[in-house]
Amino acid sequence: MSNDSGVPFFEQDPHEIHQQQADREDKLGATSPSLVLGLPKLLIHAVVAGAITHFAPVYRVELQWVAQQVADAMGDAFPYQTWYYWFLAMVWLVVMAPAVWRLLALLTTRFEFTTQRVYYARGVLNRQRDQLEISRIRDLSTNSPFWQRPFGLGALVMDTVDR
């Protein structure tokens, strides 16, 4: 019997064998947060945008005054026939942008677990990657609120020596 270096097993120092096994970093798995976590924010923002769309005709005269001010500033480039639809599109864009950003942040977050470390990568435009050595973890606990339990979700809380 011999190891990868070709040295017979019985001729190797036991401490060296243990050190080689300890230095080897095997990948255990990788995961990312569930998109279900972004659904409450998405639904709240959709309800707000829908409410603004529903009540906008009540304030059409006031909105028309604002549109006239914008038209005076823009001149011929202003969409006179479709300004109201442009207004509604802008409302939906502005109101839904934070919820969509949250979903993008969840999509680009990744956790990777190895025998030596936990890697955490995140970021939509700027990618950031952190690592935490397993030996620096003091305590682990889980938190699963009632609204996450039906989806099989929860949070893993790590108390570590690191920040």
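## Overall architecture

Of the 163 residues in the protein chain, 18% count as buried. The model is a predicted one. The protein chain contains four helices and six strands, and their order along the sequence is α-β-α-α-α-β-β-β-β-β. Among contacts in the protein chain with a separation of 6 or more, 48% are between residues 24 or more positions apart.

## Packing of α2 against α4

Two packed helices are described by the angle between their axes and the distance between the axes. For α2 and α4, the axes lie 9 Å apart and the angle is about 170°. Angles over 145 degrees count as roughly antiparallel, so α2 is roughly antiparallel to α4. By class, this contact of α2 with α4 has 14 nonpolar, three polar and two charged residues.

On the α2 side the contact is made by Lys41, Leu42, His45, Ala46, Val48, Ala49, Gly50, Ile52 and Thr53. On the α4 side the residues are Tyr84, Leu88, Val91, Trp92, Val95, Met96, Pro98, Ala99, Arg102 and Leu103. His45 belongs to helix α2, which spans residues 39-55. Its relative accessibility is 18%, under the 20% limit, and His45 therefore counts as buried. With neighbours within four places in sequence left aside, His45 is in contact with Val95, Met96, Pro98 and Ala99.

## Packing of α3 against α4

Helix α3 covers residues 60-74 and helix α4 covers residues 83-107; their axes come within 11 Å and cross at roughly 95°. The two helices are therefore roughly perpendicular to each other. By class, the contact of α3 with α4 has five nonpolar, one polar and one charged residues.

From α3, the residues that take part are Arg60, Leu63, Gln64 and Ala67. They meet Trp83, Tyr84 and Phe87 in α4. Tyr84 is also listed among the α4 residues that meet α2. The charged end of Arg60 sits over the ring of Tyr84, at 4.2 Å from the ring centre.

## Aromatic pairs

A pair of aromatic rings is described by the distance of the centres and the angle of the planes. Three aromatic pairs are found in a search of the whole structure. In one of them, the ring centres of Tyr84 and Tyr85 are 6.0 Å apart and the planes are at 70°, so the pair is edge-to-face. Tyr84 counts as buried because its relative accessibility is 8%, whereas Tyr85 counts as exposed because its value is 58%. Together with Trp83, Tyr84 and Tyr85 form one aromatic cluster.

Phe111 and Tyr120 make a stacked aromatic pair, with 4.9 Å from centre to centre and 15° between the planes. Phe111 has a relative accessible area of 27% and is therefore partly exposed. Tyr120 counts as partly exposed as well, at 28% relative accessibility.

Leu37 is located in the loop between β1 (27-31) and α2. At 25% relative accessibility, Leu37 counts as partly exposed. Leu37 and Phe151 are separated by 114 residues in sequence, while their C-alpha atoms are 9.8 Å apart in space.

Not counting residues up to four places away in sequence, Leu37 touches Arg102, Leu106, Trp147, Gln148 and Leu153. Arg102 is one of the α4 residues that meet α2.

Gln131 lies in strand β4, which runs over residues 128-133. This residue counts as partly exposed, at 46% relative accessibility. Gln131 and Tyr120 are 11 residues apart along the chain, and their C-alpha atoms are separated by 6.1 Å. Leaving aside neighbours within four places in sequence, Gln131 is in contact with Arg117, Val118 and Tyr119.

Thr160 is found in strand β6, residues 155-160. With a relative accessible area of 14%, Thr160 is buried. Apart from its neighbours within four places in sequence, Thr160 is in contact with Leu132, Arg136, Ile137 and Arg138.

Notes:
Residues numbered from 1 in each chain as written. Predicted model: local features only at pLDDT ≥ 70, side-chain atom pairs only at ≥ 80, totals over all residues. Heavy atoms only, no water. Axes fitted to C-alpha atoms, helices over the stretch in contact; angles between N-to-C directions. Parallel < 35°, antiparallel > 145°, perpendicular 65-115°, else oblique. Contact = heavy atoms within 4.5 Å. Nonpolar A, V, L, I, M, F, W, Y, C, P; charged D, E, K, R; others polar. Buried < 20%, exposed > 50% of the residue type's maximum accessible area, 1.4 Å probe, protein only. Phe/Tyr/Trp six-rings, centres within 6.5 Å; stacked < 30°, edge-to-face > 60°. Lys NZ or Arg CZ within 6 Å of the ring centre and 35° of its normal.
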